[in-house]
Each structure stands twice: as C-alpha cells, then as structure tokens.
Amino acid sequence: MATLSVKPSQRFRLPDWHTNSYLLSTNAERQRDASHQIRQEARVLRNETNNQTIWDEHDNRTRLAERIDTVNRWKEMLDKCLTDLDAEIDALTQMKDSAEQNLQAKNLPLDVAMECLTLRESRRDI
C-alpha cells in the first residue's frame with residue numbers, strides 16, 4: 001500500500017500568537033490615533049469656518065445697511081429736488097400767464113394809440 005505524503009500543517013506557537021496580537025494592537029492604536037487626529041482637525045476647521053462665516057455675514061450686513069442708508073439719503077435729496085423743480089415750474093407758469101395777460105392788456109391801448117395816429121395822419125387841415 002502506498003503511503004500518503006501529507007505536508008505537516010503549519011502550527012502556530014505561542015510567540016507567533018503574541019506577535020500577531022501585538023501587530024493587531026499596534027495597528028488598531030495607530031488607526032485610533034489617526035482617527036482622533038482627523039476628528040480634531042475637522043473640529044478646528046469647522047470652528048474656524050463657522051467663525052469666518054459669522055464675521056463675513058456681519059460685515060456684509062453692515063455694508064448693506066450702509067448702502068441702504070446712502071441710497072435712502074440720495075432718494076430723499078432727489079425727491080426734494082423734484083419738489084423744488086415742480087414749485088419752480090409752477091411759479092414760472094404763473095409768471096408766464098401773468099406776462100401774457102399784461103401783454104394782452106397793453107394791446108388795447110396800443111391799438112387805440114395807433115388808431116389815433118392813423119386818424120391824425122389822415123387829417124388835411126387843422
């Protein structure tokens with residue numbers, strides 16, 4: 001009968017188990033440290049970003065409020081100028097109407113004077 005040649009299976013000894021356990025423990029510790037470091041960096045970044053966002057928003061709100069105040073002041077000045085111009089136009093229109101009425105009033109005496117001159121010129125004797 002033929003004998004089977006079987007390789008002897010690899011047997012782990014106690015130092016192998018200790019080495020493997022030490023490697024797993026060291027690897028886990030390194031991963032935990034890296035994870036902790038990443039979480040701390042993320043927390044710092046999140047805080048810095050939050051602070052920067054708050055200050056940027058504050059600055060933008062302040063600038064917008066100042067711009068709104070400036071625009072409102074300009075609007076008030078333009079409204080005042082428009083009111084002044086309307087009053088000036090009304091005053092000029094009244095003065096124009098008054099001047100036209102005065103000219104019309106002067107036309108009758110002018111016509112009378114011209115008629116008198118015409119009649120005087122047409123006389124032949126004293």
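The paragraphs below describe the fold, the surface and the side-chain pairs of this predicted model.

Some ground rules come first: residues are numbered from 1 along each chain as its sequence is written, and side-chain values use heavy atoms, with hydrogens and water left out. Because the model is predicted, local features need pLDDT of at least 70 and side-chain atom pairs count only at pLDDT 80 or more, while totals for chains, interfaces and linings use all residues.

The overall architecture is simple to state: the chain has one helix and zero strands, where helices (H or I, at least four residues) and strands (E, at least two) are DSSP runs numbered from the N terminus. The radius of gyration of the chain is 54 Å, well over the 14 Å that the globule rule gives for 126 residues, so the chain is more spread out than a compact globule. Here the radius of gyration is taken over C-alpha atoms, and the globule rule is 2.2 Å times the number of residues to the power 0.38. Along its principal axes, the C-alpha trace spans about 185 × 40 × 15 Å.

What share of the 126 residues is buried? Buried residues make up 0% of the chain, with buried meaning under 20% relative accessible area, exposed over 50%, and partly exposed in between (1.4 Å probe, protein chains only). Leu 82, which lies in helix α1, illustrates this, as it is partly exposed at 48% relative accessibility. The accessible surface of the chain comes to about 13,000 Å², of which 58% belongs to carbon and sulfur atoms; these areas come from the Shrake-Rupley method with a 1.4 Å probe, and for residues only the protein chains shown count as cover.

Turning to charged side chains, the count comes to four salt bridges, each being a side-chain nitrogen of Lys or Arg within 4 Å of a carboxyl oxygen of Asp or Glu. Side chains of opposite charge can pair when their charged atoms come close.

Another salt bridge links Glu 57 with Arg 61, whose closest N and O atoms are 2.8 Å apart. These two are four residues apart in helix α1, so about one helical turn separates Glu 57 from Arg 61. Glu 57 counts as partly exposed at 39% relative accessibility, whereas Arg 61 counts as exposed at 56%. Lys 80 and Asp 84 also meet in a salt bridge, with an N to O distance of 3.2 Å. Again both partners lie in helix α1, four residues and about one turn apart. Lys 80 is exposed at 53%, and Asp 84 is partly exposed at 41%.

The surface also carries a nonpolar patch of about 400 Å², made by Phe 12, Leu 14 and Trp 17. Patches are made of residues with over 30% relative accessible area and no salt bridge; like charges are joined within 9 Å, and nonpolar side chains (Val, Leu, Ile, Met, Phe, Trp, Tyr) within 5 Å. Phe 12 lies in the segment before α1 and counts as exposed at 55% relative accessibility.

Finally, how many disulfides does a search of the whole structure find? The search finds zero, a disulfide being a pair of cysteine sulfur atoms within 2.5 Å. Cys 81 is partly exposed, with a relative accessible area of 45%, and Cys 116 is partly exposed at 43%.
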